[in-house]
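Visitor: Could you walk me through this protein with me looking at it for the first time?
Guide: Gladly; here it is.
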Amino acid sequence: MKNDLYSLKGKVALVTGASRGLGQGMAVGLAEAGADVIGAGISDMSETQSKIEALGRKFYELKADLSEPDAAKHLVLKAVEEAGKIDILVNNAGIIRRSDAEKFSDEDWHAVINVNLHSVFQLCREVGNHMLENGSGKIINIASMLSFQGGLRVPAYTASKHAVAGLTKSLANEWVSKGINVNAIAPGYMETDNTEALRANEERNAFITSRIPKGEWGKPDDLKGPVVFLASEASSYVNGHVLCVDGGWMSS
Ligand code: NAD
């Protein structure tokens with residue numbers, strides 16, 4: 001096996017929602033494999049920036065509110081202007097709203113679908129055009145266990161993550177022959193701000209933990225290996241796959 005099969009040296013990765021949590025873990029993992037990183041999002045990314053610069057890699061911080069209709073287009077133009085190109089796109093930014101389904105508001109529905117699905121499609125399209133021009137690229141969308149299961153009190157989130165899996169397969173079919181791999185990672189239950197409410201509920205936390213065969217929640221670092229694999233030459237024949245990184249949840 002070639003030693004550099006997993007190397008991302010000379011590559012530029014655009015990671016949305018890179019300020020904390022899974023986005024930060026994956027951005028640092030990509031930098032450890034050699035990539036420079038463009039972090040995009042609404043929150044302060046200085047912690048991610050220091051971690052990446054400490055590795056000797058470049059970090060570009062681009063502010064973008066992906067709930068805004070034209071944010072994806074402007075972000076991609078700016079990213080290419082600053083970093084010269086985008087080889088890897090990680091669509092990580094996402095939000096969750098919890099409420100009983102019968103009381104779930106239109107406002108929450110649109111907010112979640114907008115960030116978790118519409119902006120993901122827009123970014124795939126805008127970066128996809130850039131990658132088609134270059135004849136190569138790797139797109140990794142962040143899905144969820146709720147790309148397969150229903151979940152509780154999160155109807156918009158579940159709908160958006162099922163759709164992200166479908167979108168991944170649709171784009172994969174169209175673009176694989178043009179040099180672009182589109183895949184997804186479905187994280188299991190991971191310790192981040194997104195799941196703080198679940199972990200704060202003792203009963204729910206104990207129930208979830210008891211159902212994870214590994215017996216513990218995942219950490220952002222657990223996504224480093226999978227994202228580097230899907231961003232590298234090592235996965236060049238992997239296409240339209242939704243890779244579960246879940247401590248065995250889906251097998252239990
Ligand atoms: P998080 O809340 O810790 O981080 C979310 C990131 O997205 C932050 O950087 C935030 O600033 C950014 N973001 C939110 N709204 C945005 C907007 N409008 N524009 C730009 N950026 C925005 O969440 P996380 O747990 O790290 O989740 C990251 C991704 O992983 C999400 O897509 C989430 O659905 C998915 N996921 C998380 C888990 C989990 O257990 N934590 C499990 C499965 C999937």
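This is a predicted model: local features need pLDDT of at least 70, side-chain atom pairs count only at pLDDT 80 or more; totals for chains, interfaces and linings use all residues.

Visitor: Okay, which residues touch the most other members of the largest nonpolar core?
Guide: Those are Leu-14, Ile-38, Leu-75, Ile-86 and Ile-139, and the core they belong to has 29 residues.

Visitor: And which strands and helices supply at least two residues of this core each?
Guide: Among the strands they are S1 (12–16), S2 (36–41), S3 (59–63) and S6 (180–187), while the helices are H3 (71–83), H4 (106–134) and H5 (155–175). The largest share comes from H3, which gives 6 residues.

Visitor: Switching to the ligand, which residues come nearest?
Guide: There are 30 residues around the ligand, and of these Ser-19, Ser-43, Asn-92, Tyr-157 and Thr-192 come nearest.

Visitor: What does the polar side-chain atom of Tyr-157 lie 2.6 Å from?
Guide: That atom of Tyr-157 lies 2.6 Å from an oxygen atom of the ligand. An oxygen atom of the ligand is also 3.2 Å from a polar backbone atom of Gly-17, and a nitrogen atom of the ligand is 2.9 Å from an N or O atom in the side chain of Asp-65.

Visitor: How much of the ligand's accessible area does the protein cover?
Guide: On its own the ligand has 820 Å² of accessible area, and the protein covers 95% of that.

Notes:
Residues are numbered from 1 along each chain as its sequence is written. Side-chain values use heavy atoms; hydrogens and water are left out. A nonpolar core is a set of buried Ala, Val, Leu, Ile, Met, Phe, Trp, Tyr and Cys residues joined through side-chain atoms within 4.5 Å. Buried means under 20% relative accessible area, exposed over 50%, partly exposed in between (1.4 Å probe, protein chains only). Helices (H or I, at least four residues) and strands (E, at least two) are DSSP runs, numbered from the N terminus. A residue is near a molecule or strand if one of its heavy atoms lies within 4 Å of it. A polar contact is a pair of N or O atoms within 3.5 Å; within protein, one must be able to donate a hydrogen and the other to accept it, and residues adjacent in sequence count only if both atoms are side-chain atoms. Accessible areas come from the Shrake-Rupley method with a 1.4 Å probe; for residues, only the protein chains shown count as cover.
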